[in-house]
Every structure is written in structure tokens, then in C-alpha cells.
Amino acid sequence: MLTIMQQNQLEAAASFVSNKLKDEPTGHDAAHIDRVRLLAVNIAKQEGGSLFIIEMAAIVHDLIDEKLSSEWKLSPHQLEHQLLLWEVDTRDIRYIMDIITSMSFRHRHMQHKPMTLEGAIVQDADRLDAIGASGIARVFTYAGAKGEPHYTHDSQQGSVLKHIKEKLLNLKDLMNTRAGKQLAKERHEFMCLFIKTWKEECGLTDE
Ligand code: ADP
Ligand code: NI
């Protein structure tokens with residue numbers, strides 16, 4: 001259960017992040033944060049963990065992402081400062097910062113420490129939003145913002161189809177929690193159906 005103070009801290013953080021990321025163009029926008037928070041809470045209902053840590057980490061998880069351009073990003077130091085301004089306990093700040101600095105897809109090979117339950121849940125929630133219907137929507141948003149094509153016959157060039165095949169189709173096997181795995185399985189199946197129909201419409205055969 002969350003205390004009134006924790007609920008207020010979460011709402012302060014949510015409104016800060018929603019304002020900061022509302023126009024972010026590459027799929028790390030405020031709606032992504034809302035979905036990750038919702039997914040994380042739903043997974044936590046089945047898996048347990050500290051709801052405050054899980055929700056706060058979900059809310060702030062993309063603010064320090066290297067991929068964001070400077071307009072949308074905070075430095076880890078600035079984020080810690082913000083958390084202090086909301087009077088989050090310093091031990092909780094450390095816990096939250098550890099989760100969000102180690103959870104991105106790009107860093108998965110660099111992990112040394114075993115993951116905490118809260119970290120596992122937030123990472124699953126973030127990965128789930130990269131697959132299924134929301135994941136498909138986001139991949140086109142990202143490609144639109146970066147000027148990438150939907151697909152191309154040049155195997156060296158980035159494209160939506162390449163990203164789906166090389167990254168998104170692998171995510172279901174990288175889930176940490178039972179609840180996350182189940183949700184990922186459903187989203188993966190939907191994504192496969194989308195790809196099949198899309199390729200037929202585009203006259204693409206399997207390369
Ligand atoms: P997050 O930080 O939320 O885990 P990423 O920064 O890895 O996510 O990616 C954000 C979104 O953009 C995801 O939905 C991802 O599928 C998409 N994306 C990332 N890289 C590419 C790419 N090269 N081409 C198309 N979409 C991409
Ligand atoms: Ni994210």
C-alpha cells in the first residue's frame with residue numbers, strides 16, 4: 001500500500017515527466033511513460049515488490065536515456081536532485097537510480113549485479129511497450145522521426161522491418177517475470193500476425 005506522501009510524490013513526478021516528455025518525437029513520449037507505469041503496476045499485482053519503487057522508477061525511467069536529445073533529457077545528477085526535491089528518501093533514490101541506469105536494452109550485456117524484483121518488473125513493462133500493438137505504433141514513430149524507411153532492400157540500412165526482426169521479435173525471450181512472459185507471448189503473436197499481413201500487402205518475400 002502507498003502512503004499519502006508516496007502518492008503525492010508519484011503524482012508530482014508524473015506531472016513533471018508528462019510535461020517534460022509531452023512532445024518527445026521518438027516514442028519516449030508521455031503516453032509511453034503512462035503505459036509503462038500501468039503495465040508495471042499490473043505485473044506487480046502478480047509478482048509483488050515495492051509499489052512505490054516500481055511506480056517511481058517507471059515514471060522517471062526514460063528521463064536519463066542516452067538516446068533522447070538534450071531537450072528532453074536530464075543528467076543522472078539532475079534527476080537525483082529532482083527526486084530529492086520531491087522528498088524521496090535517499091535510500092529509495094539510490095534504488096530507483098540503480099534500476100533505471102541498468103535496465104535499457106542496450107545495457108543488457110553489461111549487467112554485473114543481479115537484478116532486483118522491482119528492476120525486473122519495470123524492465124519487463126518497458127520491453128512490453130516495445131512489442132504488440134503499442135510496439136508497432138512506436139517503431140513507426142521512431143522511424144518517422146529519424147527519417148528511416150519502412151523497409152528497404154539495402155541490408156545495411158536501418159528500417160522498421162529490420163528493427164522488428166532484429167530486436168523486437170527477440171524481446172519475448174528476454175522477459176524476467178512470469179506475468180511479463182505471459183503478456184509478451186500474447187503481444188509477440190499479435191506482432192507476428194501484423195508482420196505476415198504487412199509483408200503480403202507490400203509484396204515482400206522472406207529474405
Ligand atoms: P526504451 O528506452 O523505451 O526502452 P528504446 O530507446 O530502445 O526504448 O526505443 C524506443 C522505441 O523506438 C522502441 O519502441 C523501439 O522499438 C523504437 N526504436 C528504437 N530503435 C529503433 C530503430 N533503429 N528503428 C525503428 N525503431 C526503433
Ligand atoms: Ni522506455
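Helices (H or I, at least four residues) and strands (E, at least two) are taken as DSSP runs, numbered from the N terminus. This is a predicted model, in which local features need pLDDT of at least 70 and side-chain atom pairs count only at pLDDT 80 or more, while totals for chains, interfaces and linings use all residues. Residues are numbered from 1 along each chain as its sequence is written, chains are lettered from A and ligands numbered from 1 in the order in which they are written, and side-chain values use heavy atoms, with hydrogens and water left out.

Just after helix α4, glutamate 87 has a positive phi of about 65 degrees. The helix itself spans residues 76–85, and Leu79, Gln82 and Leu83 are buried in it. Buried means under 20% relative accessible area, exposed over 50%, and partly exposed in between (1.4 Å probe, protein chains only). Viewed down the axis of α4, the buried residues fall within an arc of 100 degrees, so they line one face of the helix; the arc is that of the directions from the helix axis to the C-beta atoms. An α-helix has 3.6 residues a turn, so residues three or four places apart point the same way. The face of α4 turned away from the buried side carries the exposed residues His77 and Leu85. On the buried side, the packing partners are α1 (4–21), α3 (51–60) and α5 (90–102), where contact means heavy atoms within 4.5 Å.

Distant parts of the chain are linked here: histidine 32 belongs to helix α2 (residues 30–47) and aspartate 126 to helix α6 (residues 117–128), 94 residues apart. Histidine 32 counts as buried because its relative accessibility is 0%; aspartate 126 is buried too, with a relative accessible area of 17%.

Both residues also have polar contacts, meaning pairs of N or O atoms within 3.5 Å (within protein, one must be able to donate a hydrogen and the other to accept it, and residues adjacent in sequence count only if both atoms are side-chain atoms). An oxygen atom of ligand 1 lies 3.2 Å from a side-chain N or O atom of histidine 32, and an oxygen atom of ligand 1 lies 2.8 Å from one in aspartate 126.
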